[in-house]
Amino acid sequence: MGLQKFERRLERFVEGVFARVFRSGLQPVEIGRRLTREMDLRRTVAPKGVLTPNSFAVLLSATDREKFKPIEDELVKELLEVAREHATTEGYTFLGPVGVVFDTDASLRPGTMMVAGDMVPDQGAATLTLPDGRRVVLENQSVSLGRLPECDLAIADSGVSRRHAEVRRGPDNTWLVADLGSTNGTKVNGVRVNGTRQLESGDEITVGSTSVRFEAVASSAIAGRTKEP
């Protein structure tokens with residue numbers, strides 16, 4: 001639905017003098033389709049929902065960039081709307097504000113493009129990486145770990161207590177892990193936690209026989225670019 005509305009809106013400004021320019025070659029609507037595909041491919045599970053990229057780079061050949069320049073500002077506005085509408089339709093949430101930038105890539109030939117999406121969090125965000133490779137984004141003030149299904153991060157491990165531990169925000173955008181009176185205790189890098197302990201990026205939290213890796217997330221460069229014919 002969002003892309004159909006996007007295509008109809010494009011007709012408003014890709015007409016008249018621009019109609020001949022976009023008669024062949026790369027079409028503006030193709031960028032919208034590729035952007036929503038990037039959102040689907042790079043979505044990730046978070047404790048309270050599914051996160052999707054919020055920062056996008058659209059890379060074009062020098063020839064196509066020159067062709068798109070007259071409508072670039074308007075196209076950015078439309079792509080932002082497409083991203084928000086697609087997120088609403090699919091039930092995705094964003095880690096931070098949505099942004100789209102256009103740039104030129106000399107390695108691209110006319111008619112090809114790259115759309116790269118990344119999750120750019122607010123300052124102080126962090127992730128937990130599970131043994132199966134899933135990455136859980138810590139978007140809330142606290143995340144509970146335990147065997148109960150009601151926990152934010154439910155862990156099927158007989159050595160884990162029903163409500164075992166909690167990862168929570170501390171002062172000045174720090175993160176802490178707290179043991180919740182578990183039977184077998186909580187360890188960070190093999191050392192048992194007494195009460196709470198401040199976490200550093202790369203720390204390994206162990207509950208029962210399950211270990212999760214804590215990583216502080218910094219705003220990063222756009223990654224995972226995929227060439228689109």
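Apart from residues within four places of it in sequence, Asp157 makes contact (heavy atoms within 4.5 Å) with Arg147, Val207, Gly208, Ser209 and Thr210. The structure is a predicted model, in which local features need pLDDT of at least 70 and side-chain atom pairs count only at pLDDT 80 or more, while totals for chains, interfaces and linings use all residues. Residues are numbered from 1 along each chain as its sequence is written, and side-chain values use heavy atoms, with hydrogens and water left out.

**Overall make-up**

- The protein has four helices and 18 strands, where helices (H or I, at least four residues) and strands (E, at least two) are DSSP runs numbered from the N terminus.
- Of the 229 residues in the protein, 46% are buried; buried means under 20% relative accessible area, exposed means over 50%, and partly exposed lies in between, with a 1.4 Å probe and protein chains only.
- The accessible surface of the protein comes to about 11600 Å², and carbon and sulfur atoms hold 47% of this surface; the areas come from the Shrake-Rupley method with a 1.4 Å probe, and for residues only the protein chains shown count as cover.
- Among contacts in the protein with a separation of 6 or more, 62% are between residues 24 or more positions apart.

**Asp157 and its loop**

- Asp157 sits in the loop that runs between strand E10 (153-154) and strand E11 (165-169).
- Although Asp157 is buried, it has no salt bridge, and the nearest side chain of opposite charge, that of Arg147, is 7.6 Å away; for charge, Lys and Arg count as positive and Asp and Glu as negative, while His and the chain ends are not counted.
- A polar atom of the Asp157 side chain lies 2.8 Å from the backbone nitrogen of Gly159.

**Salt bridges**

- The structure holds six salt bridges, each defined as a side-chain nitrogen of Lys or Arg within 4 Å of a carboxyl oxygen of Asp or Glu.
- Arg34, Glu38 and Arg42 are joined in a network of salt bridges, and within it the closest N and O atoms of Glu38 and Arg42 are 2.7 Å apart.
- Glu38 counts as buried because its relative accessibility is 1%, whereas Arg42 is partly exposed because its relative accessible area is 32%.
- The side chains of Glu166 and Arg168 also form a salt bridge, at 2.7 Å from N to O; Glu166 is buried, with a relative accessible area of 14%, and Arg168 is partly exposed, with a relative accessible area of 26%.
- In the salt bridge between Arg213 and Glu215, the closest N and O atoms are 3.9 Å apart, and the relative accessibility is 42% for Arg213, which counts as partly exposed, and 28% for Glu215, which also counts as partly exposed.

- Helix H2 (residues 28-41) has 14 residues and should span 20 Å at 1.5 Å a residue, which agrees with the 21 Å between its end C-alpha atoms; the expected span is 1.5 Å times one less than the number of residues.
- The buried residues of H2 are Pro28, Val29, Ile31, Gly32, Arg34, Leu35, Thr36, Glu38 and Met39.
- Ile71, in the loop between helix H3 (62-68) and H4, counts as buried because its relative accessibility is 3%.
- Although 43 residues separate Ile71 from Pro28 in sequence, their C-alpha atoms are 9.5 Å apart in space.

- Asn189 lies in the loop between strand E13 (186-188) and strand E14 (191-192), and it counts as partly exposed because its relative accessibility is 42%.
- The phi of Asn189 is near 55 degrees, a positive value in a residue other than glycine. Most residues other than glycine have a negative phi.
- Thr112 is placed in the loop between strand E5 (99-104) and strand E6 (113-118), and at 2% relative accessibility it counts as buried.
- A polar atom of the Thr112 side chain lies 2.7 Å from the backbone oxygen of Arg109.

Methods:
A polar contact is a pair of N or O atoms within 3.5 Å; within protein, one must be able to donate a hydrogen and the other to accept it, and residues adjacent in sequence count only if both atoms are side-chain atoms.
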